[in-house]
Amino acid sequence: MADFKRLPGFRDFPPEDLALRAHVFDAWRRVAIRYGFREYDGPPVEPLDLYVEKSGEEIVGQLYNFEDKGGRTVSLRPEMTPSLARILGDRSRGMAKPIRWFTIPQLFRYERQQRGRLREHYQWNVDIVGEESAAADAEVLAVAIDGLRELGLGVDDFRARVSDRRLLTALLGAVGVQDDRLPAAFAVIDKIERMPEDKARGRLLDEVDLDDAGADRLRALLECSSLTELRNQFGERDAVRDALAPLEEYAAILDAMGMGDFVKLDLKIVRGLAYYTGIVFELFDAQGELRAICGGGRYDRLLELVGGEPLPAVGFGMGDVVLGELLAERDLVPPYRPHVDYFLVVIGQEQRSHALGIATRLRAQGRSVAYPLRDQSVRKQFKAAENEGARTVLVLGPDEAAEGIVVARDMATGQERRIAPDALE
RNA sequence: GUGGGCGUAGCUCAGUCGGUUAGAGCGCCAGGUUGUGGCCCUGGAGGUCGCCGGUUCAAAUCCGGUCGCUCACCCCA
């Protein structure tokens, strides 16, 4: 037999692993629905151009793309937002705003795998489309935070780091970055935490055209985590003051929701994707050991770019891989326990049709029922019942048949009672 | 794409200064009379030691390549 291997970067989900995935998906769904979001989905394969033209060139090198049999250049979806924009582009004009949608797609990227990053993952996407106020940004972050809390994670386990591209743009102007150096500045800031100090300084001087004093001012600025301090320091500049207002509203809303402790201003959060336009955020484990658990922000131009109604939008994506690692680290993975309500121990082939009748009736009532598919010793049948996680074993033998009852054994306590089959529920 | 580490039963691993038929625990299968699970006892299946090649009388063990996993870089959902 040929030796078929799983493709690199893909996962199998035997029942014990699927249980964790289902546990996470269930929590995500409950929270999204609790916040009034509706579930949607789209195709896992899209035209390549949807990503090439709309997400920025940076994403293209890692697409899982190919030519289909009709000669179309297509790609497995690497993220959901362009699909959302495309789907809404066709129909948003007729829809009441704001649109609150969520989905849990499987996404694909062709790149070398490492911890927390495979060639596929599932990602909870939650978006509000058609509302430009900071209230929508706050609502979306609240969903992300509650999604993690629903899984048992708390303020000691993760934090949201929040920034705003408009604010950062205004502040960069205030410390002396020229307009045409802004993209370079964003690129450096996005990576600045992962760079040694001298390399960061070198790039600020060379690529962002700052002088030493400017670089110092920028470094100090990036460490600031207080909106009040920013207002005190830069509030006389109109651009900064205008950009601070939505963030202040945002922070106030999250405080009112009791989530203020989870949220921290961090101007070093830029997010790679080119389509973000406003508030951006990432969720990290509190230890800072893992990759980001979640990232999102405002992308007010994307729908228009794919030819739809010009609508503001904000949303996030939360992947299952890093989250699974964090849950495992915090001992929050529920133990896998198979379970059936009833297991039938059948003594003697002549009892089999009787057993099938009982099983069928219980199943029709919604109970889960299993039994051995061939004649086996009672001892073996009880072992099988144990393995199946049976809550109750029903013993059906000649003695019981003669009396018109079954013996029902509670597997946890060992207690047995005699009961008429019709009385089972 | 670049570099480092690792690759022995389904799982976790032992075994390498090269030397008879490669081991353990767990799991799996069968049995301990078809009337009772967990504990226990007995027996069994299961490995071309990732793959290919080289060195050698002899390779799981040394060497080269390759694939896979993993970590870092790159990049980021």
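User: What makes Glu-400, Arg-418, Ile-419, Ala-420 and Pro-421 contacts of Ile-405?

Analyst: Leaving aside neighbours within four places in sequence, these residues are in contact with Ile-405; contact means heavy atoms within 4.5 Å. This is a predicted model, where local features need pLDDT of at least 70, side-chain atom pairs count only at pLDDT 80 or more, and totals for chains, interfaces and linings use all residues. Residues are numbered from 1 along each chain as its sequence is written, and side-chain values use heavy atoms, with hydrogens and water left out.

User: Where is Ile-405, and why does Ile-405 count as buried or exposed?

Analyst: Ile-405 lies in the loop between helix 15 (398–403) and strand 16 (406–410). Buried means under 20% relative accessible area, exposed over 50%, and partly exposed in between (1.4 Å probe, protein chains only). Ile-405 has 14% relative accessibility, so Ile-405 is buried.

User: And why does Asp-180 count as buried or exposed?

Analyst: Asp-180 has 56% relative accessibility, so Asp-180 is exposed. Its place is the loop between helix 5 (165–174) and helix 6 (182–191).

User: How do you know that Arg-119 has no salt bridge?

Analyst: A salt bridge needs a side-chain nitrogen of Lys or Arg within 4 Å of a carboxyl oxygen of Asp or Glu. For Arg-119, the nearest side chain of opposite charge is Glu-111, 7.8 Å away, so the salt bridge is absent.

Technical notes: Chains are lettered from A and ligands numbered from 1 in the order in which they are written. Helices (H or I, at least four residues) and strands (E, at least two) are DSSP runs, numbered from the N terminus. Lys and Arg count as positive and Asp and Glu as negative; His and the chain ends are not counted.
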